[in-house]
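This briefing is written for a reader who is new to protein structure. Please keep the sequence and the 3D view at hand while reading the points that follow.

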Amino acid sequence: MATIAIPGQIGEAAEERFRTCPDTGLHVHAKAETLIRVNLITAVTFLGIGGLLGLLVALTRWQAVHLLPAEMFYMVLTAHGAAVLLFWIMFFEVALFYFTSAVVLRSRLATPNIAWLAYALMLIGALTATVAVLQGRSSVMFTSYVPLQAEPHFYIGLILFAVGMLITCFIFLGTLVIAKDEGTYEGSVPLATFGGLTGVIIMIFTLASGAIILIPTLLWSVGIIGHIDPLTYKLVWWGMGHSSQQVNVTMHVVVWYTIAALLLGARPLSEKVSRSAFLLYILFLQLASAHHLLVEPGISSTWKIFNTSYAMYLAVLGSMIHGMSVPGAIEAAQRRLGHTKGIFGWLREAPWGNPAFAALMLSLVMFGFLGGISGVILGTEQINILMHNTLYVPGHFHATVVSGTTLAFMGVTYLLIPIFFRRDIVFPKIAQWQPYVFAIGTAGIALFMMGAGTLGVSRRHWDITFTDALITFDYPATAFFMLGLNGLSAIIATVGGAMYVIVVVASIVWGKRRTEEDAKTNPIAPGAAVLAQYGGEDTFKLPGTIVLVSVFFIAFALYYFINWRFLAGIWPMS
Amino acid sequence: MVERIGAVSQDEPAAGAAERDERPPFMQRLLDNPFLLLFIGVTVPTVLYLIWGILEIAQIPLSPS
Amino acid sequence: MALLPPKNRLWWNEPLHRMEAIWISIAFVWGLLMFFVMIWWHINGNQNMSNESYRIQPDVFADRTEAFIQAYQVGADDFGTPIVRPPAGSDVYLAARLWDFYPILELVEGETYRVRISSLDWQHGFSLQPTNINLQIHPGIEMVITLTPNETGAFGIVCNEFCGIGHHLMVGRINVIDRETAALAAATSVAGEQ
């Protein structure tokens with residue numbers, strides 16, 4: 001291994017312990033590494049718990065099975081949302097924030113002790129909120145809309161969790177300052193760090209909105225404040241609730257770039273274009289919180305149209321840019337490696353047996369085709385009338401945060417374990433199939449929920465046969481069929497999720513320790529070796545990517561106009 | 001011995017002194033400034049989404065009797 | 001490589017590739033088109049959100065709903081929920097509360113009504129099925145929406161906003177009858193009153 005002069009090792013930083021990763025050449029700060037490990041383990045634990053809760057939800061909505069009684073269903077649904085949407089994803093994002101700041105910049109992490117404090121706050125907060133929900137008197141759903149009231153410690157838990165996350169964001173920013181001051185890099189920060197910064201910025205707006213609304217709600221729950229306006233609550237709450245999903249989008253885009261770089265040595269097609277796409281996220285992505293307020297009374301269509309469209313769809317433009325530049329970077333890298341046959345030879349000869357690559361591609365395709373398109377359609381002011389609060393909504397966001405974010409995070413885990421735990425992945429066959437199994441399951445969940453939602457089926461509903469209701473109504477038989485298929489898909493996804501958790505836990509505990517020799521004979525990041533020099537792509541013959549984005553665009557436009565046709569059929573209203 | 005991530009980019013940029021001294025274009029300076037980005041990234045949604053939204057909600061008229 | 005600083009110190013000055021420029025242009029124009037379609041539909045489309053809503057105390061809304069029922073009630077269902085047939089073009093009241101919609105409405109196909117919807121307690125959802133119109137109902141705010149039923153039949157109103165343990169029991173009804181049936185019913189009820 002080449003010895004490397006570390007520009008950062010001067011003065012105070014010299015006391016810090018670093019090691020050079022033999023697999024990637026990354027210069028890893030020991031304290032940052034420990035924090036990354038602990039946050040990863042915590043995240044995966046919550047994924048295991050939350051995933052099982054999700055299975056219970058799907059099996060209850062499968063009317064033929066109808067597993068849980070009503071009260072428990074609403075409790076489990078609340079707990080499922082918190083465990084996976086908040087705790088799994090956000091603990092993982094803490095690890096990614098430390099990775100994209102300290103590790104990628106080859107710097108020491110700012111204030112590691114305070115990072116431990118942040119971790120403790122997040123863990124205590126997550127456990128407190130979980131306990132509150134499981135006690136049964138805080139079944140208020142993920143959204144906890146007032147006047148629905150949870151117990152005070154539910155809000156306290158969320159607030160502590162948010163404070164921990166906010167501290168993490170400042171540690172990220174502090175690390176940027178340290179790295180610049182200590183000259184650990186030259187010029188501009190790497191794209192992954194810039195993406196991490198984008199995530200951190202959106203996260204700070206997210207947490208600010210959360211503080212504005214959750215602190216008064218806590219005071220209301222203990223009786224200090226008498227009244228909270230439900231509509232104002234909802235507006236501000238979604239500033240948090242939706243923006244946090246935008247952090248997820250940002251971070252899984254970062255993960256896409258990272259996996260492609262490590263495996264194939266892929267370079268962004270152009271720094272300028274990729275960073276501008278992230279800038280569009282910083283500016284406009286958060287406005288889409290309006291997606292949840294499109295059929296509310298009391299807010300004008302002017303506000304709705306401007307905000308729901310992310311100011312004329314400028315953030316969608318950002319996503320469409322990433323949607324081209326990520327596959328484009330992969331195609332360019334593959335062609336450089338000699339896979340030049342025809343339009344799709346680069347794709348056929350890609351490392352599909354590598355779970356990190358498979359997860360990247362499946363996440364990219366499913367996020368784009370299922371999550372992205374459905375999100376824009378759902379967020380069209382008038383079309384939302386067809387879909388608001390139907391199962392279409394969870395269908396959409398399972399495509400984004402499960403098929404998209406969760407799958408991408410799973411993929412990068414197969415690289416993070418060898419890098420940060422210095423262990424080989426055990427059960428390579430299980431790992432190899434895991435992304436496919438999980439992807440099939442989650443694609444089913446997303447599609448069948450969207451299908452049932454298109455037929456009008458309500459979300460968050462225990463019994464759509466309305467057995468005990470005074471007035472009843474019959475949803476079409478197809479809807480029940482869809483919910484059955486959704487249940488089956490959830491079982492497949494659970495198997496895929498379990499495969500992931502088993503591989504991760506087993507690898508951390510029993511995985512063979514990686515040596516410097518392994519890095520040469522059995523490299524986990526061959527892309528890092530390919531890249532002796534870094535820069536944007538020069539030659540630009542990417543016919544495969546052109547075909548892919550064209551197919552995407554046609555699907556997008558067709559589905560968009562089909563939904564306007566559906567809308568034109570319902571009762572005229574104004 | 002292959003060169004890996006940590007080993008590269010020390011000899012970059014290879015360009016001459018002229019480029020080294022040239023001030024980066026405005027957009028690049030913006031994108032290289034995390035705290036400016038943080039400021040606009042929080043301000044834009046605060047103004048367009050939160051403040052505008054709350055103003056709308058505050059202006060809902062009372063139902064005429 | 002996304003994990004390394006850009007090679008080119010002045011990376012912003014690198015030229016845009018043609019393929020990137022084309023794709024960005026397409027995406028930008030598509031975004032503008034989607035944006036203006038929403039505005040165009042407000043002018044030319046028939047399905048739009050109402051921009052008329054008011055602050056109202058839940059008890060005031062309950063009183064007005066009661067008065068509306070008194071004026072136009074034509075019967076009641078098996079459980080005593082009033083069935084109300086308001087005149088075409090009139091203001092129609094629909095109250096959502098834990099856990100029902102009140103009253104049952106009987107509307108005439110092709111006629112237009114100003115439906116005033118509000119909640120008396122928590123947030124609820126108004127999911128009119130199978131036509132598939134989904135609206136949010138807030139306590140303290142009255143949404144005024146102009147509705148024109150375009151098909152006859154019995155329509156369910158499903159609450160699709162979680163509102164506590166009885167949420168899945170909360171279903172309402174709108175019956176839509178055609179003009180002939182309505183005229184006949186009106187004649188019978190006038191005859192009955194005489």
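Of the 194 residues of chain C, 48% count as buried, where buried requires 20 or more other C-beta atoms, placed from the backbone, within 10 Å of a residue's own, exposed means 12 or fewer, and partly exposed lies in between. This is a predicted model, in which local features need pLDDT of at least 70 and side-chain atom pairs count only at pLDDT 80 or more, while totals for chains, interfaces and linings use all residues. Residues are numbered from 1 along each chain as its sequence is written, and chains are lettered from A and ligands numbered from 1 in the order in which they are written.

**Overall form of chain C**

- Chain C contains 3 helices and 12 strands; helices (H or I, at least four residues) and strands (E, at least two) are DSSP runs, numbered from the N terminus.
- The radius of gyration of chain C, taken over C-alpha atoms, is 25 Å, well over the 16 Å that the globule rule (2.2 Å times the number of residues to the power 0.38) gives for 194 residues, so chain C is more spread out than a compact globule.
- The C-alpha trace of chain C spans about 90 × 40 × 25 Å along its principal axes.
- Among contacts in chain C with a separation of 6 or more, 56% join residues 24 or more positions apart; two residues are in contact if their C-beta atoms, placed from the backbone, lie within 7 Å.

**The sheet of chain C**

- Strands of a sheet pair through backbone hydrogen bonds, either parallel or antiparallel.
- An open sheet of 7 strands in chain C has the order β2-β3-β6-β12-β11-β8-β9, with mixed pairing; two strands pair if DSSP finds at least two bridges between them.
- β2 (73–76) and β9 of chain C are the edge strands, each with a single partner, so one side of each has no neighbour in the sheet.
- Strand β6 (residues 104–108) of chain C pairs with β12(C) in the parallel sense over 4 bridges, and C:V108 stands opposite C:I177 in β12(C).

**Where chain C meets chain A**

- In this interface, 73 residues of chain C are in contact with 86 residues of chain A.
- Helix α1(C) gives the most to the side of chain C that touches chain A, with 15 residues.
- That side has 37 nonpolar, 29 polar and 7 charged residues; Ala, Val, Leu, Ile, Met, Phe, Trp, Tyr, Cys and Pro count as nonpolar, Asp, Glu, Lys and Arg as charged, and the others, Gly among them, as polar.

**Helix packing in chain A**

- Helices α11 (residues 355–378) and α14 (residues 428–454) of chain A pack at an angle of about 10°, with their axes 9 Å apart; axes are lines fitted to C-alpha atoms, for helices over the stretch in contact, and angles run from 0 to 180 degrees between N-to-C directions.
- α11(A) and α14(A) are therefore roughly parallel, a term for angles under 35 degrees.
- The contact of α11(A) with α14(A) has 14 nonpolar, 3 polar and no charged residues.

**Backbone details**

- The peptide bond from A:V146 to A:P147 is cis, with omega near 5°, and A:P147 lies in the loop between α3 (112–134) and α4 (152–181) of chain A.
- Another cis peptide bond joins C:Q129 and C:P130, with omega about 0°.
- A:R460 has a positive phi of about 50° although it is not a glycine, and A:R460 is buried, with 26 other C-beta atoms within 10 Å.

How values were computed. Angles under 35 degrees count as roughly parallel, over 145 as roughly antiparallel, 65 to 115 as roughly perpendicular and the rest as oblique.
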